[in-house]
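Me: I have a protein model open and I'd like to walk through it. Can you help me read it?

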Amino acid sequence: MENNLGRRGFLRLSGTAALTASLGSALTACGPADKKSSSAKPGRTVRLGFIALTDCAPLVMAEELGYFAERDLNVELIKQASWPATRDNLLNGQIDAAHALFSLPLSVATKIAGKGSTDLKIAMVLNNNGQAITLKKDFAAAGYADLKAAKALLEKKSPTLAMTFPGGTHDTWLRYWLKATKADSSKVKIVPIPPPQMVANMKVGNMDGYCVGEPWNAVAVKQDIGFTHITTQDIWQHHPEKALVAGAKFAAEKKDVLADVMGAVLKACKWLDDLDNRAKAATTIGSPQYVKAPAKEIEGRLLGNYELGADLGEKKFSGDQMMFFRDGQTSAPRRGHAIWFMSQYQRFGLLKEAPPYTKIADEIILRDLYEEVAKKEGIDVPADDMSPFHVKLDGTMFDPKKPQEEAKRP
């Protein structure tokens with residue numbers, strides 16, 4: 001399985017944006033940031049990055065509903081061009097924290113997509129579920145989650161598949177699914193594309209499928225260029241997806257400010273898990289300064305109503321569509337989850353040797369801070385930080401205390 005990181009010509013569509021982002025000049029302050037009053041106390045201004053994805057909703061709604069302002073926070077929401085841009089802007093201090101892939105800090109720490117720094121800290125989880133693997137219509141015979149049919153097509157067509165960041169969550173879901181199909185991985189090429197550019201690239205034939213967050217799977221269905229082959233909740237139900245990731249300096253020097261950001265975001269996550277609020281959320285985040293996508297294409301999957309495309313009909317999820325709070329079950333960052341991602345890096349061959357699993361998890365997961373904030377907000381913290389858990393797609397149990405067993409699994 002080839003991990004081509006950007007030399008192929010078809011990446012020209014995303015190359016300019018990625019280069020601009022990596023240089024730190026792709027920061028774009030969104031509209032609400034321009035409307036701030038100057039009443040916040042000194043040191044209470046926070047620059048939060050986000051990518052144009054449905055699951056940026058906790059940050060957007062915390063701003064739009066006034067939850068940041070309630071805590072005397074002056075928040076600037078700053079759209080990022082790509083996950084590499086988010087990483088770089090966090091590391092160089094251009095943004096304080098961000099809506100980011102849960103496993104992005106782990107990829108950086110293990111040198112898959114970084115230099116080994118543990119300066120990106122996971123403060124809390126923003127959502128579970130809600131990503132998908134979209135395949136172009138030529139692969140319609142794979143149906144919904146038919147691993148045997150998918151294997152036959154993958155080996156016959158030698159496809160190019162896209163994800164959003166090496167070692168990121170989408171990269172992991174894609175590779176985990178490929179392992180589960182038992183397809184010959186040498187026939188598959190995997191490349192990175194920024195989330196908002198997935199649909200355009202597949203439309204012109206630059207790749208055969210991709211793994212990304214919403215609404216870019218629903219948009220492909222709506223435009224009749226692809227279909228939803230599997231959702232990530234059918235890979236690992238209630239998996240961690242995006243996290244509030246903070247730079248080390250911000251987390252250390254402005255811990256109280258970060259705690260207040262977390263409190264406001266937790267309130268927004270509760271609001272979002274009331275399904276009666278999701279139509280409003282879809283309209284709000286769909287606006288041009290945020291996701292820039294039709295509200296209808298956001299709302300359907302937020303409510304758990306999936307039009308699959310390619311004449312596959314509909315699939316409905318209830319309680320395991322994209323979820324933001326789940327009575328605190330979503331929000332708590334777990335070291336065991338971080339260790340699972342790193343064990344997959346080894347299993348996929350992205351790492352040749354075992355990383356210092358526990359050391360990295362301990363340094364990156366701000367578990368103590370989350371527990372402090374949750375207690376203050378009256379939220380119960382689940383006692384499963386290092387507990388074994390089940391992965392649905394291939395029926396496995398993962399024990400965080402025995403990561404090498406998973407890393408060596410075929």
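This is a predicted model: local features need pLDDT of at least 70, side-chain atom pairs count only at pLDDT 80 or more; totals for chains, interfaces and linings use all residues.

Me: How many helices and strands does the protein have?

Reply: There are 17 helices and 16 strands.

Me: And how much of the protein is buried?

Reply: Of its 410 residues, 61% count as buried. Contacts tell a story too. Take those between residues at least 6 apart in sequence: 79% of them join residues at least 24 apart.

Me: Which residues touch the most others in the largest nonpolar core?

Reply: W177, L244 and L258 do. That core has 129 residues. Helix α11, residues 255-272, gives the largest share of this core, with twelve residues. As background, nonpolar side chains tend to be buried together in soluble globular proteins.

Me: What does L258 touch, leaving out residues up to four places away?

Reply: Its contacts are A123, L244, A246, F250, A251, L366 and L369.

Me: Back to α11. How do α11 and α16 cross?

Reply: Their axes come within 10 Å and cross at roughly 60 degrees. The crossing is right-handed.

Me: Which residues make that contact?

Reply: On α11, they include L258, A259, M262 and L266. On α16, L369, Y370 and V373 are among them.

Me: New topic. Is S107 buried or exposed?

Reply: S107 is buried, because its relative accessibility is 0% and the cut-off for buried is under 20%. It sits in helix α5, residues 104-109.

Me: What lies 2.7 Å from a polar atom of its side chain, I mean S107's?

Reply: The backbone oxygen of P166. Leaving aside neighbours within four places, S107 is also in contact with residues including F165, G167 and Y345.

Me: Where is the cis peptide bond?

Reply: It joins E214 and P215, with omega about 10 degrees. P215 is in the loop between β10 and α9. For context, most peptide bonds are trans, and most residues other than glycine have a negative phi.

Me: Which residues have a positive phi without being glycine?

Reply: D72 is one, with phi near 60 degrees. D327 is another, with phi near 55 degrees.

Me: Where is each one, D72 and D327?

Reply: D72 is in the loop between α3 and β4. D327 is in the loop between β14 and α14. D72 is partly exposed, at 25% relative accessible area, while D327 counts as exposed, at 66%.

Terms used. Residues are numbered from 1 along each chain as its sequence is written. Side-chain values use heavy atoms; hydrogens and water are left out. Helices (H or I, at least four residues) and strands (E, at least two) are DSSP runs, numbered from the N terminus. Buried means under 20% relative accessible area, exposed over 50%, partly exposed in between (1.4 Å probe, protein chains only). A polar contact is a pair of N or O atoms within 3.5 Å; within protein, one must be able to donate a hydrogen and the other to accept it, and residues adjacent in sequence count only if both atoms are side-chain atoms. Contact means heavy atoms within 4.5 Å. A nonpolar core is a set of buried Ala, Val, Leu, Ile, Met, Phe, Trp, Tyr and Cys residues joined through side-chain atoms within 4.5 Å. Axes are lines fitted to C-alpha atoms, for helices over the stretch in contact, and angles run from 0 to 180 degrees between N-to-C directions. A crossing is left-handed if the near helix is turned anticlockwise from the far one by less than a right angle, and right-handed if clockwise.
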